[in-house]
Amino acid sequence: MGRLGPTEIILILVVIILLFGAKKLPDMARSLGKSARILKSEAKAMKEDKSSTPADPPNDDEQSPSQRVIQAAPGDVSTSRPVNEPTDTTKR
């Protein structure tokens, strides 16, 4: 008891295909892969941020302080683009 044979595995796969539909399975796998790539790139960026020293001066030649570039995930079809940071415009 507790061991899955080939018959049980095939039965489970048939039930999954019936529940989710054959057309949705490739889309689900694609989105799962994209999510995994994004998670991996974010974890790598966090690791690089922790390892960088705060004594490094910011490079003002490339960007202004109010802009930063959001990098696209590896394998993503969209390109990187500069994004304006929100500023606090409320008067207190």
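Is Asp-27 buried, partly exposed or exposed? In this predicted model, Asp-27 is partly exposed, with a relative accessible area of 45%, and the sections below place this residue in the setting of the protein and its surface.

## Overall architecture

The protein contains two helices and two strands, which follow the pattern α-α-β-β when read along the sequence. Of its 92 residues, 2% are buried, and the accessible surface comes to about 8,900 Å², with 61% of that area belonging to carbon and sulfur atoms. Among the contacts with a separation of 6 or more, 17% are accounted for by residues 24 or more positions apart.

## The salt bridge in helix α2

The count of salt bridges in the protein comes to one, and in this salt bridge the side chains of Asp-27 and Arg-30 meet at 2.8 Å, N to O. Because Asp-27 and Arg-30 are three residues apart in helix α2 (residues 24-51), they are separated by about one helical turn. Whereas Asp-27 is partly exposed, Arg-30 is exposed, with a relative accessible area of 54%.

## The nonpolar surface patch

A nonpolar surface patch of about 930 Å² is made by Leu-4, Ile-9, Leu-11, Ile-12, Leu-13, Val-15, Ile-16, Leu-19, Phe-20 and Met-28. Helix α1 (residues 6-20) supplies the largest share of this patch, namely eight residues.

Leu-19, one of the residues that make the patch, lies in helix α1. With a relative accessibility of 66%, Leu-19 counts as exposed, because exposed means over 50% relative accessible area.

Methods
Residues numbered from 1 in each chain as written. Predicted model: local features only at pLDDT ≥ 70, side-chain atom pairs only at ≥ 80, totals over all residues. Heavy atoms only, no water. Patch = residues over 30% accessible without salt bridge, like charges linked within 9 Å, V, L, I, M, F, W, Y side chains within 5 Å. Areas by Shrake-Rupley, 256 points an atom, 1.4 Å probe, with all protein chains shown as cover. Salt bridge = Lys/Arg side-chain N within 4 Å of Asp/Glu carboxyl O. Helix = DSSP H or I, 4+ residues; strand = E, 2+ residues; numbered from the N terminus. Buried < 20%, exposed > 50% of the residue type's maximum accessible area, 1.4 Å probe, protein only. Contact = heavy atoms within 4.5 Å.
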